[in-house]
Amino acid sequence: MNFISFDLETTGLSPDEEIIEIGLVKVRDGIIKDKYSTFVKPLKPLRKEIVELTGINDEMLKSAPSINDVIEDVKEFIGDEIIVGHNVDFDLRFLSKHIDIKNESLDTLKLTRIFYPFAYSHSLGGIARYLGIDVKKEHRALEDAETTAKIILKIEEDLKKLNFKILFEIQDILTKETERNFIKEALKDAGNTTYYNYEIPENSYFSNIPFENKFDEGGEDEILNALNSKGLYLIETMKEKEKIFKPLIRFLKEKNENILIVSGKTKEFFKELCSFLKKNNIGINVLSLKNKEGYICLKKFYESFDIEPVLKASIKFFLYLTKTGELNEIKNVLKKEDYLVRIDERCKERECEYYKDCFYYRIKDKKEESRIIITDYISFFKNEFNSKNVIFLDAEDIEEKGTYGFAIYIDTKEIEYIVKNIRRIFKEIEYDEKILNENIKNIMKEIVDNKEKFKNGVIFSDIKGRYITIQEIISSIIEKIKGNEYASLLKREQDKINKLLFEDNNYVLKISLKDETPTTLSFYPVDVGEKIKNKIEGIENGIFISPVLTTSSSFDFFKMITGLDKIKREIKTNILNEEIKKIKIFLPTFLPELDSSNFDRDLETLLRDNFFGIRKGYVMFSSYTGAGKIYDLIKDKKIFYMHSEQKNLEKSLKEVFEYIVLGTTHLFERVKGKKFDILFVVKLPFPNMKDEIVKKRVELLSKKSINSFNNYILPTAIMRLKKSIVNLLNLSDEKCAVVILDRRIYNKDYSYLITDSFPVETEFVGSKEELKEKIFNFFNG
């Protein structure tokens with residue numbers, strides 16, 4: 001294959017930005033034959049975020065040629081070859097301001113979305129790692145151009161291993177000639193079989209092996225007792241998943257009953273459980289089941305006119321490979337357009353011509369044969385599972401998961417899509433459509449113009465005027481199209497708005513600042529504990545398991561946030577005392593208060609000295625702003641700032657083996673696979689009092705004459721801190737240390753409540769030298 005792979009680095013994303021680096025790679029017959037690279041001097045200084053992203057600074061560009069000085073060389077190097085790029089249209093838009101480009105092009109971003117739908121990321125670095133391509137450097141033009149060249153060659157190689165029938169079908173969907181020709185070349189070597197060398201997710205484990213209990217003893221008796229007790233049980237244990245497998249099997253052997261397991265990490269738990277069953281040769285049928293709307297609707301996919309060709313080709317290939325039909329598997333492909341193909345209220349179930357092939361109903365039919373059903377919290381809150389025995393894993397997250405699970409989501413893009421399809425049939429609603437779209441547009445403009453306000457949340461009662469208008473328009477349209485299948489979809493949206501209007505003071509609208517053009521309005525419930533209680537109180541046997549359920553050895557806070565304190569049934573509790581790996585918690589008394597003008601400088605000095613030697617440390621801040629300030633002060637290559645804009649967290653951490661990592665509490669919870677020895681807690685993780693949901697929950701407690709600080713704010717901080725310590729235990733080797741830098745850990749009247757909640761005793765240190773000595777002795781003793 002012959003082509004030119006290219007990449008640009010620019011001063012920003014908007015069309016009026018400038019090129020600062022060009023990288024070109026010439027490939028002949030699949031081999032790199034030549035390279036071209038140059039800096040380009042822009043007319044304006046680089047912004048801080050561009051310097052951080054690329055590593056290019058103004059000093060490096062000071063003596064660089066202008067774009068006019070290099071453009072002829074670039075034009076000559078490219079010639080009339082096919083141009084290959086990752087998101088190629090973006091780079092071509094910049095280049096075409098200086099060259100009249102008529103070359104054909106191929107986009108590796110589009111091609112990888114089609115043929116690698118399960119990839120965790122389709123960014124250049126993310127997809128390269130997924131394909132096993134070594135990435136030495138990112139966001140530098142020549143290196144990115146080389147990576148792009150390797151990706152297109154890998155795609156070419158993989159396509160030749162696919163069945164020719166699916167390649168023909170993908171080729172028929174695509175409209176761009178270079179994409180069709182690319183597949184045409186692969187068809188010359190394609191055969192009758194498919195060899196796909198990448199993991200395809202599964203959601204069921206059905207075994208023909210006889211079910212034998214191989215664990216008459218062992219495991220955790222407390223969990224087995226809880227399973228047999230037929231009530232509500234709270235168990236705090238450090239190794240929840242390791243402890244659950246054996247008693248689970250013992251229970252299933254003794255009882256002819258099924259168990260529903262609700263987890264915040266369903267994929268991870270499903271894989272671990274199935275691996276355990278296979279390893280021990282145990283024949284139990286296991287099923288992972290999601291919310292109905294989480295599966296693809298074949299009728300919508302095959303009969304839709306609104307899916308653009310590349311997305312349609314991606315979904316088609318996904319359907320060729322998938323064993324589950326779960327749309328979550330291709331969320332990076334669908335982005336915000338899952339409404340185009342997900343199951344909705346129009347589902348005709350057995351009357352649908354695609355019923356026999358429907359993934360959801362196929363998996364649902366297996367439910368009766370399954371002894372263990374695994375689902376996520378949101379699916380649990382949205383569906384009726386009718387299970388007598390329910391185990392809640394990762395139970396410390398139940399309030400957060402309930403907040404999302406009971407949220408009301410209004411997708412403005414989906415409403416516009418529904419109404420557009422109705423207008424194709426009923427011309428008389430054209431005026432209604434126009435007014436509806438204008439109102440939606442005004443709502444979104446108000447949100448975009450006031451993002452800081454909506455980031456913290458706005459109570460629905462303050463903004464309900466526009467929604468009353470939308471509800472009235474939707475009602476008018478429903479009246480005009482009575483009996484049409486689209487009426488059920490609009491009725492769903494109408495019911496959501498009616499619920500918000502009825503409980504207007506109990507929902508908060510929040511928007512993520514990461515989303516430049518938000519289309520989904522997310523309304524989160526304030527009193528989520530009441531909703532969780534209503535869902536749980538009918539369960540005959542419910543067991544909540546987590547390493548983080550207590551504050552100061554009490555389960556009261558967990559009971560309050562889940563509404564369990566209002567259930568008139570006995571709730572049994574147990575804290576399993578177990579040996580954990582060696583951990584030390586140090587409380588330095590030599591640092592000033594957090595709001596002191598000297599704190600940042602003293603912290604910077606502490607980290608710069610790297611007094612803990614080869615030990616790997618995570619410095620946990622409450623916000624990206626705090627982490628960024630310290631990073632700007634240090635500017636050391638051995639300090640890595642893990643900021644919110646890094647899409648691939650795992651990728652970022654793989655490159656920082658010996659670094660100190662600066663990040664937030666939220667990002668630390670997402671770390672996997674990376675080893676850390678020391679956790680520095682800069683600020684105790686109290687809830688953000690500017691957050692409208694937190695404010696409203698505090699108000700609810702105050703109305704009930706409950707001290708909100710002692711009963712909500714402080715316990716929340718304790719639970720978050722304990723969760724971070726448990727995460728460190730999971731990420732470390734034999735020993736780990738926690739250093740809490742916030743003086744409130746020892747100088748407040750509530751300090752003992754925090755330290756009493758820790759799994760080990762704390763130790764005060766009076767100087768940096770003493771801390772250095774104690775950490776050294778701890779790890780080397």
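Is D29 buried or exposed in this predicted model?

**View 1. D29 in the loop between two strands.** D29 lies in the loop between β2 (19-28) and β3 (31-39). With a relative accessibility of 63%, D29 counts as exposed. The phi angle of D29 is positive, about 50°, although D29 is not a glycine. Most residues other than glycine have a negative phi.

**View 2. D394, a buried residue with positive phi.** D394 is placed in the loop between β11 (389-392) and α18 (398-405). Phi of D394 is near 50°, a positive value in a residue other than glycine. The relative accessible area of D394 is 3%, so D394 is buried.

**View 3. The Y339 and Y417 ring pair.** A pair of aromatic rings is described by the distance of the centres and the angle of the planes. The count for the model comes to 41 aromatic pairs. In one of them, the ring centres of Y339 and Y417 are 5.3 Å apart and the planes meet at 55°, so the pair is tilted. Y339 lies in the loop between α15 (331-334) and α16 (359-365), and Y417 in helix α19 (residues 412-425); the pair therefore ties together parts that are 78 residues apart in sequence. Y339 is buried, with a relative accessible area of 4%. Y417 also counts as buried, at 10% relative accessibility.

**View 4. The F686 and Y750 ring pair.** F686 and Y750 form an edge-to-face aromatic pair, with 6.3 Å from centre to centre and 80° between the planes. F686 sits in the loop between β22 (678-681) and α30 (692-703), and Y750 in the loop between α32 (744-747) and α33 (751-755). The pair links distant parts of the chain, 64 residues apart. Both F686 and Y750 are buried.

**View 5. An aromatic cluster and two lysines over rings.** One aromatic cluster is formed by F115, Y116, Y120, Y130, Y196, Y198, F317 and Y320. Elsewhere, K535 lies over the face of F380, at 5.4 Å from the ring centre. K735 is placed over the face of F778, also at 5.4 Å from the ring centre.

View 6. The largest nonpolar core has 130 residues. Those with the most contacts inside this core are F115, Y116, F392, L521, F523, I536 and F544. Domain 1 (3-160) and domain 2 (162-193) both give residues to the core, so the core lies between them. Leaving aside residues up to four places away in sequence, F544 touches L232, Y233, L234, I235, F392, A395, I398, I536, L549, F558 and L564.

**View 7. C297 and C352, two cysteines without a bond.** A disulfide is a covalent bond between the sulfur atoms of two cysteines. A search of the whole structure finds zero disulfides. C297 is in no disulfide, and the nearest cysteine sulfur, that of C352, is 6.2 Å away. Seen from C352, the closest cysteine sulfur is that of C297, and 6.2 Å is too far for a bond. C297 is buried, with a relative accessible area of 16%. C352 is likewise buried, at 17%.

**View 8. S207 and its contacts.** S207 is found in the loop between β6 (204-205) and α10 (221-229). The relative accessible area of S207 is 17%, so S207 is buried. Not counting residues up to four places away in sequence, S207 touches I282, G283 and N285. S207 and L277 are 70 residues apart in sequence, and their C-alpha atoms are 9.5 Å apart in space.

**View 9. I425 in helix α19.** I425 is located in helix α19. At 48% relative accessibility, I425 counts as partly exposed. Apart from residues up to four places away in sequence, I425 touches N484 and Y486. I425 and K184 are 241 residues apart along the chain, and their C-alpha atoms are separated by 39 Å.

Technical notes: Residues numbered from 1 in each chain as written. Predicted model: local features only at pLDDT ≥ 70, side-chain atom pairs only at ≥ 80, totals over all residues. Heavy atoms only, no water. Phe/Tyr/Trp six-rings, centres within 6.5 Å; stacked < 30°, edge-to-face > 60°. Helix = DSSP H or I, 4+ residues; strand = E, 2+ residues; numbered from the N terminus. Buried < 20%, exposed > 50% of the residue type's maximum accessible area, 1.4 Å probe, protein only. Lys NZ or Arg CZ within 6 Å of the ring centre and 35° of its normal. Core = buried A, V, L, I, M, F, W, Y, C linked by side-chain atoms within 4.5 Å. Domains from an automatic or database assignment. Contact = heavy atoms within 4.5 Å. Disulfide = S-S within 2.5 Å.
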